[in-house]
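Please open the model in a viewer and keep the selection panel at hand.

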Amino acid sequence: MVNLLNVESVLFYVVICLYFLAMIGYFLFIAIKKDGVAKAAAIVQTVGLVLHTAALICRGIGAGRLPMTNQYEFATSFAWGLSLVSLIFIAKYKFPVIGAFAAPVILLLIGYAAMQSREVKELMPALRSSWLGFHVSTAIIAYGSFGVSFVLGVIFLLRDRLKDRGFWDRHVPAKEKLDLIAYRSVCLGLLFLTFTIVTGAIWAEQAWGSYWSWDPKETWSLVTWLVYAAYLHFRIFRGWKGKAAAIFAVVGFVCVIFTYVGVNTFLPGIHSYA
Amino acid sequence: MRKIWKFLSSMQFALILLVILAAACAGGSFIPQGLSLEQYAAQYSERGAGLILGLGLDDVFHAWWFLLLTAFLCGNLLLCNLVRLPQLVKRTKAAADPAKRGAPAVSVEGVRDPDALFARLRMPKPAETRDAEGRPLRFSVRNRIGLWGAWVCHLGILLLILGFALGQMTKEEYTVYGVPGQIKQIGETDYFVQIHDFRVDRNEDGFAEQYTAGLTVIDNADENDPLAEDAVASVNHPGSAFGFKLYQNSLGDAAKLSLRRDGEIVQESWVCAGDSVPILETPLSLRLQSVLWEEAEGERLPTGYAYMIYVGEELYTMNVQGEGETIPDFQPYEVQLSEAQSYTLLQVKRDRFTPLAFLGGIVTMLGLLLAFYLQTKKLWAIQNEDGTWTVHGSSPKAGALFADRVREEAEQLKQEK
Ligand code: HEM
């Protein structure tokens with residue numbers, strides 16, 4: 001038991017180092033414009049992700065439950081989700097610039113995790129539910145996807161301001177395509193956020209007998225959901241694709257972060273454990 | 001009138017509603033809900049407090065304007081779905097019609113084997129026909145069902161809101177607590193809950209991991225012929241009987257309270273922690289605060305009972321009675337707390353519309369899946385005079401990305417040949 005948690009501790013710091021290295025790699029890629037460097041950075045990030053997965057598994061086995069039930073565990077899982085989804089988008093759309101913007105966010109999240117208490121606490125009975133497992137794992141994918149939408153929104157907004165057109169034109173898709181890729185990430189996120197809300201509601205119904213009680217975390221996940229729904233409609237409405245959509249993707253992620261960090265910090269509620 | 005109608009069913013109105021609702025929800029989470037005028041005045045100012053109460057900001061999610069906005073959203077969704085239904089049927093039909101191909105998002109020339117390209121792009125086997133100019137035409141469409149995604153999603157949201165609203169209006173909620181052996185009435189209804197047993201599973205550290213109550217719900221509407229249904233309620237696994245669901249909410253300490261006079265028992269009852277029991281004709285009442293426990297060799301034994309004694313509403317004294325001792329303050333009675341155990345607190349609910357709300361949730365998810373992951377794609381090929389084909393593709397949602405894929409696959413096909 002104790003051993004696995006120690007292994008997790010060591011892995012956690014190795015993972016931070018690898019993500020940091022990957023970030024430096026991505027920055028270097030932009031600075032010296034060598035495609036090989038981007039590949040190397042993506043490989044380092046992938047190794048980081050594999051070890052990160054191993055760390056989470058160690059913690060899960062060590063603690064005897066899903067490693068997603070307190071601020072530390074959820075923060076590191078959130079970083080894991082963003083790392084996973086960003087790598088998928090980097091590979092699928094051959095778009096390593098995503099890494100340069102995603103890596104700092106991943107490091108911020110994992111840095112936030114490092115500041116939280118790592119103690120393994122007993123779970124109250126209501127938290128021992130497989131619905132809760134689905135609830136939290138879908139949240140991680142949703143948040144990871146919205147992290148990527150945020151990154152793509154930022155890239156979209158910066159795209160025209162960047163000098164050295166040759167490099168950026170080669171490595172950042174044209175606006176229409178960039179918007180579509182961002183749209184894809186929002187779709188993935190919104191689908192998983194909906195899973196998160198529904199599985200959370202099912203769990204709450206079984207545990208407390210009330211599937212929706214306007215607790216601040218629930219309310220903020222609804223706010224986030226509405227913001228991304230508005231994003232989708234803005235894209236269709238008069239074809240407000242592009243800039244307006246990009247701004248919404250950025251605002252949406254601010255809501256995500258608030259739902260995750262802000263609600264626990266500023267507002268009271270039954271979600272205060274995670 | 002037509003104009004108003006049109007606006008009410010428009011996406012512009014939908015966007016306004018979505019943004020206002022999001023803002024209202026955010027506001028509702030920042031302003032503490034359900035406080036009194038004085039409490040708000042202490043936190044904000046007198047005027048702020050008046051404003052909060054006046055606008056219903058103390059209970060945003062049930063305020064008339066919030067409900068009105070939600071009602072508008074439902075009306076908007078319903079109208080939009082009704083208006084779009086015939087259009088969608090038409091669009092779905094048109095999408096399969098080779099004559100209504102529309103403008104392509106991509107065109108690739110010089111393709112020798114169009115069927116291979118269709119297969120590579122995982123398009124269904126193309127229909128063979130001719131275009132308006134009589135040239136050979138291959139046409140195929142995939143995921144027409146995806147056109148229905150938004151419609152299904154909107155329907156799901158409607159069902160969800162409807163189920164939630166009806167549930168809020170009609171649901172019944174009660175709290176029942178007690179120890180094994182007791183029969184408790186569910187609120188003021190004709191139903192009673194008999195508690196047979198209550199088991200608490202603890203880990204090595206004495207931490208409660210699960211608790212389970214064995215129950216019988218009794219329908220006493222006809223006193224001469226009561227009906228009974230058994231139920232088991234544990235945390236995360238509610239029991240059900242007579243349309244009620246019984247949720248294991250929490251547990252607490254309970255003890256048996258016995259009153260003796262001259263060694264004879266005159267009264268016995270169970271008290272749960274937090275409850276006060278008046279002591280016969282004395283002006284006093286006894287409140288059990290908690291039971292003190294000791295872990296010994298894996299067993300959990302009671303060592304004492306923390307209690308308070310009240311005269312009317314006033315606290316008179318507080319103390320701990322050891323196991324086996326008596327409380328001396330109630331002369332001529334000898335009062336004793338004993339047989340410590342746990343009571344179960346059950347949440348008893350009846351909401352017939354929960355399944356409707358969950359159905360709405362599932363339909364919404366289904367709609368999102370359709371809209372996002374079954375995007376409609378069209379691919380068609382027209383034969384040129386030199387025998388090669390020009391392949392065109394379009395997708396209302398995947399546009400440029402689909403175009404890229406068509407180009408890539410065509411390029412690869414060319415190289416392989
Ligand atoms: C909470 C509320 C709503 C949600 C979650 C929602 C969700 C969606 C989704 C997921 C799509 C598909 C978008 C895409 O594929 O990119 C969509 C499209 C659409 N929505 Fe909504 N919607 C909501 C409210 C409304 C309302 C009130 C209207 C009323 C006018 C509306 C009108 C439309 C229209 C016209 C489309 C385009 C349909 C299409 O492309 O076939 N939506 N909505």
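Begin with the polar contacts between chain A and chain B: in this predicted model, eight residue pairs, both members at pLDDT 80 or more, are in polar contact across these chains.

Now display K177(A) and D404(B). These two residues form a salt bridge, with their closest N and O atoms 2.4 Å apart. The interface of chain A and chain B holds two salt bridges under the rule applied.

The area buried between the two chains is about 4400 Å², and carbon and sulfur atoms give 71% of it. To see where chain A loses the most area to chain B, select P125(A), Y211(A) and W214(A), which together account for 15% of what that side buries.

Turn next to the aromatic rings. Over all chains, the structure holds 35 aromatic pairs. Select Y112(A) and Y260(A): their ring centres are 6.2 Å apart and their planes stand at 80 degrees, over the 60 degrees required, so the pair is edge-to-face. This pair links distant parts of the chain, since Y112(A) lies in helix α4 (residues 97-115) of chain A and Y260(A) in helix α9 (residues 243-266) of chain A, 148 residues apart. Are these two residues buried or exposed? Y112(A) counts as buried at 18% relative accessibility, and Y260(A) is buried with a relative accessible area of 1%.

Remain on helix α9 of chain A and select F258(A) together with F30(B). The former lies in that helix and the latter in helix α2 (residues 11-30) of chain B, so this pair joins two chains. The ring centres of F258(A) and F30(B) are 5.6 Å apart with planes at 50 degrees, so the pair is tilted. F258(A) counts as buried at 16% relative accessibility, whereas F30(B) is partly exposed at 43%.

Finish by selecting F74(A), F78(A), Y112(A), Y143(A), F150(A), F253(A) and Y260(A), which ring pairs link into a cluster.

Notes. Residues are numbered from 1 along each chain as its sequence is written. Chains are lettered from A and ligands numbered from 1 in the order in which they are written. This is a predicted model: local features need pLDDT of at least 70, side-chain atom pairs count only at pLDDT 80 or more; totals for chains, interfaces and linings use all residues. Side-chain values use heavy atoms; hydrogens and water are left out. Buried area is the accessible area (1.4 Å probe) that two parts lose on being put together, summed over both. A salt bridge is a side-chain nitrogen of Lys or Arg within 4 Å of a carboxyl oxygen of Asp or Glu. A polar contact is a pair of N or O atoms within 3.5 Å; within protein, one must be able to donate a hydrogen and the other to accept it, and residues adjacent in sequence count only if both atoms are side-chain atoms. Rings of Phe, Tyr and Trp (its six-membered ring) pair if their centres lie within 6.5 Å; planes under 30 degrees apart count as stacked, over 60 as edge-to-face and the rest as tilted. Helices (H or I, at least four residues) and strands (E, at least two) are DSSP runs, numbered from the N terminus. Buried means under 20% relative accessible area, exposed over 50%, partly exposed in between (1.4 Å probe, protein chains only).
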